[in-house]
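Here is a walk through one protein chain. Keep the viewer open and follow along, helix by helix.

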Amino acid sequence: MLKKSIIIFLITLTCTNIACQAVSRLVNAWVTTSTPTSSPSVTASPTTSYTPTYTLTTTPTPLPSATPLPPTLEELLARCPSSEEISAVDADLSLIFESDPSAGQLVCTAREGSADLTRLQERTYQAILTMRRLRFDAWLPWTNKPLYDWFVDAIDGIRFRDDIDISFCCEPKNIINIQTNNLAALKTNLWIDPQIGGGLQGLLVLLIHEARHNEDYQHTCGVNDNSLAEMGAWGVQYYFLQWLAFHSDPYFLKSSHQSPDYYREAARDEARWVRINRFCAEATITLGPPQPLP
Ligand SMILES: [Zn+2]
């Protein structure tokens, strides 16, 4: 630094012409740019370690997967009811299996998150759970409660027996009796099996029919009722089938057999059969062609 100052001083002192003064300016510029200026003293900041807040990866982030569709009735019936679902039903109803044509073989087990169930037991829980799962876009005509709530309020339990010819209500009080000799629900896992024209729907309809009897509705014309308007067991059965056909969720009732609307069409056709055949005072009624499904 001292040497550079002397050089500048000597050049400046001895310059007498323009060229020399130009050289002087260049030298001065060199000194200015190449000499580090003294910097003010600073206090060294403490060394801090840097922690990256993110990690680079070479794997692209996958797009969020689409929301899975809710299960259909058919899918729910193809798997065992969960232990929670079984406990919920047991809390509301007494299920008494005095006879069980499917005894001796378990189709669901507690070890797999369900309960140890025979086919009849599993079908029974599925039928009752279906009442809880069904959603309608209109209130049922015979109650202001959802279907499951109505059912568990109407009866206290179900006896399954093979020593009776027909199912009936009630013995003992508030316990409907279901005969087990020819239940279509034991012949198929489907809601309705096209091969046999029946399935779990038949058991559900039977449970609802018998439960209605326990609300003081006995048949008024032999094994039939006089009219739909009296809203007895046949009236309730008719309307339940109508609601399956015209007021249920088409996606939930979707069938993978025949056509997607097969289950709703079958409910509509069975409702028509009940309407024509089970009401004595309306035996001559003409229904016309089946109503198209929504
Ligand atoms: Zn009846």
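Which helix do the buried residues of H9 pack against? They pack against H8. Before the details, some ground rules. The model is predicted: local features need pLDDT of at least 70, side-chain atom pairs count only at pLDDT 80 or more, and totals for chains, interfaces and linings use all residues. Residues are numbered from 1 along each chain as its sequence is written.

Start with the overall layout. The protein chain has nine helices and four strands. Helices (H or I, at least four residues) and strands (E, at least two) are DSSP runs, numbered from the N terminus. In sequence order the pattern reads α-α-α-α-β-α-α-β-β-β-α-α-α. The chain holds 294 residues, and 28% of them count as buried. A residue is buried if 20 or more other C-beta atoms lie within 10 Å of its own, exposed if 12 or fewer, and partly exposed in between, with C-beta atoms placed from the backbone. Two residues are in contact if their C-beta atoms, again placed from the backbone, lie within 7 Å. Take the contacts with a separation of 6 or more: residues 24 or more positions apart account for 56% of them.

Back to H9, residues 262-277. The expected span of a helix is 1.5 Å times one less than its number of residues. H9 has 16 residues, so it should span 22 Å; its end C-alpha atoms are 22 Å apart, which agrees. The buried residues of H9 are Tyr 263, Arg 264, Ala 266, Ala 267, Glu 270, Ala 271 and Val 274. Seen down the axis, these buried residues fall within an arc of 155°, so they line one face of H9. The arc is that of the directions from the helix axis to the C-beta atoms. The face turned away from the buried side carries the exposed residues Asp 269 and Trp 273.

Now move to H8, residues 233-246, and its packing with H7, residues 200-213. The two helices pack at an angle of about 145°, with their axes 8 Å apart. Axes are lines fitted to C-alpha atoms, for helices over the stretch in contact, and angles run from 0 to 180 degrees between N-to-C directions. The crossing of H7 and H8 is right-handed. By definition, a crossing is left-handed if the near helix is turned anticlockwise from the far one by less than a right angle, and right-handed if clockwise. H7 contributes Val 205, Ile 208, His 209, Arg 212 and His 213 to the contact, and H8 contributes Ala 233, Val 236, Gln 237, Phe 240 and Leu 241. By class, the contact has six nonpolar, three polar and one charged residues. Here Ala, Val, Leu, Ile, Met, Phe, Trp, Tyr, Cys and Pro count as nonpolar, Asp, Glu, Lys and Arg as charged, and the others, Gly among them, as polar.

Stay on H7 and pick out Ala 211. Ala 211 is buried, because 23 other C-beta atoms lie within 10 Å. Leaving aside residues up to four places away in sequence, Ala 211 touches Phe 151, Ala 154, Ile 155 and Ile 176. Phe 151 and Ala 154 are among the buried residues of H6 (residues 147-154), as is Leu 147.

The peptide bond from Cys 169 to Cys 170 is cis, with omega near -5°. Cys 170 lies in the loop between E3 (168-169) and E4 (175-179). Pro 172 lies in the loop between E3 and E4 too. The peptide bond from Glu 171 to Pro 172 is cis, with omega near -10°.

Finish with two loop residues. Asp 216, in the loop between H7 and H8, has a positive phi near 70°. With 7 C-beta neighbours inside 10 Å, Asp 216 counts as exposed. Gln 258, in the loop between H8 and H9, has a positive phi near 55°. Gln 258 counts as exposed, with 12 C-beta neighbours inside 10 Å. For background, most residues other than glycine have a negative phi, and most peptide bonds are trans.
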